[in-house]
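Dear colleague,

Please find below the structure that I am handing over to you. My notes on what was found in it follow directly after.

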Amino acid sequence: MRHCNLDFSRPQVMAILNVTPDSFYADSRTLEVETIERRVREIVAEGASMIDVGGYSSRSEAMEVPEKEEWRRVALGVEIVRKLAPSIVVSIDTFRSQIAERAINEFGPLVINDISAGQLDPCMFDVVARYDIPYIAMHMRGTPQTMQQLIDYQRDITTEVIAYFEERIAAMLAVGIRREQIILDAGFGFAKSVEQNYELLSGLHRLCEMGFPVLTGLSRKSMIYKVLETSPAESLAGTIALEWEALRQGSSILRVHDVRETVDIVRLFEQLQQREKNVEL
């Protein structure tokens, strides 16, 4: 993809940088300059290839954040990343087109990570097309405040997600977004029950077969800690197990809190894949 040097010849690790006071995993909250700088240095040292900066928590029933405050948080995070890690790919986790456009104008080419796939702000597609930037479109119903009330689907969840993306991709192409810009995210934990999340993970290969890179965000989510009857803080082992399955199904990007551990499993997964290729030869 242009400008952002995304390489999908191997799985990529996207590190989460939450410049928020209310993200569901408390240890991921970085609000002050010192804590953001410390987190960015850790991310780089541990080997992530992308950093996803968010100023609006999208957890279930999250508080509404005024656009002015979201911009303050996003700008603070991106400015620090650009200063400490100028070569790393930066993604902005926002559904607001004005935040996206302002970030591009102030900080240069970025990836936009939109939980609503353009549905919460109809101007988002125009911004993505105009600036020709990579765009992550996620499956969700409603808003973070209402999504868990919207989990009744007419068909199996994987078929529903694929149909949703077929419609959203057609809308993107119609306004001039190139296929090469598009990345898909199945939206684990967004408008889905625990059972639906596992059904979707089992069918993730079907989404990967659509021909677009697929981002998977499973890190410490409720689909793990509810099954294990624990908490986000105690969900690392479960996260790693499910991320391995996402890689096996064909995921191109893992969006994570725990960079070092995820980089390790990517290396092991690639080693196993190479072994299987050698056996086939």
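**T94 and its surroundings**

T94 touches E70, I99, A100, I112, N113, D114 and M124, leaving aside residues up to four places away in sequence; contact here means heavy atoms within 4.5 Å. The model is a predicted one, in which local features need pLDDT of at least 70 and side-chain atom pairs count only at pLDDT 80 or more, while totals for chains, interfaces and linings use all residues. Residues are numbered from 1 along each chain as its sequence is written, and side-chain values use heavy atoms, with hydrogens and water left out.

T94 sits in the loop between β3 (89–93) and α3 (97–107); helices (H or I, at least four residues) and strands (E, at least two) are DSSP runs numbered from the N terminus. With 2% relative accessibility, T94 counts as buried. The term buried stands for under 20% relative accessible area, exposed for over 50%, and partly exposed for what lies in between (1.4 Å probe, protein chains only).

**The cavity**

T94 also belongs to the lining of the largest cavity, together with Y56, S58, E70, D93, F95 and I115. A cavity is a set of points, on a 1 Å grid over the protein atoms alone, where a 1.4 Å probe fits but cannot get out, and lining residues have an atom within 4 Å of a point. The lining divides into three nonpolar, two polar and two charged residues; Ala, Val, Leu, Ile, Met, Phe, Trp, Tyr, Cys and Pro count as nonpolar, Asp, Glu, Lys and Arg as charged, and the others, Gly among them, as polar.

**The nonpolar cores**

The largest nonpolar core has 80 residues, and V53, I92, F165, L184, L204 and L207 have the most contacts inside it. Such a core is a set of buried Ala, Val, Leu, Ile, Met, Phe, Trp, Tyr and Cys residues joined through side-chain atoms within 4.5 Å.

I92 has contacts with residues including D52, V53, V74, V78 and I99, not counting residues up to four places away in sequence. L76, in helix α2 (residues 67–84), is buried at 18% relative accessibility. L76 and V53 are 23 residues apart in sequence and 9.5 Å apart in space, C-alpha to C-alpha.

**Aromatic pairs**

Five aromatic pairs are found in the whole structure. Rings of Phe, Tyr and Trp (its six-membered ring) pair if their centres lie within 6.5 Å, and planes under 30 degrees apart count as stacked, over 60 as edge-to-face and the rest as tilted. The ring centres of F125 and Y135 are 5.8 Å apart and the planes stand at 85°, so this pair is edge-to-face. F125 lies in helix α4 (residues 124–131) and Y135 in strand β5 (residues 135–138), so the pair ties together parts that are 10 residues apart in sequence. Both F125 and Y135 are buried.

Y164 and F165 also form an edge-to-face pair, at 5.4 Å centre to centre and 75° between the planes. Y164 is buried with a relative accessible area of 13%, and F165 is buried with 0%.

**Positive phi values**

A117, in the loop between β4 (111–114) and α4, has a positive phi near 50° and is buried, with a relative accessible area of 0%. E229, in the loop between α8 (222–228) and α9 (236–249), has a positive phi near 55° and is exposed, with a relative accessible area of 74%.

Yours sincerely

Note on methods
1 Å grid on protein atoms, 1.4 Å probe; cavity = no way out; pocket = protein on both sides within 12 Å on 5 of 7 lines; lining within 4 Å.
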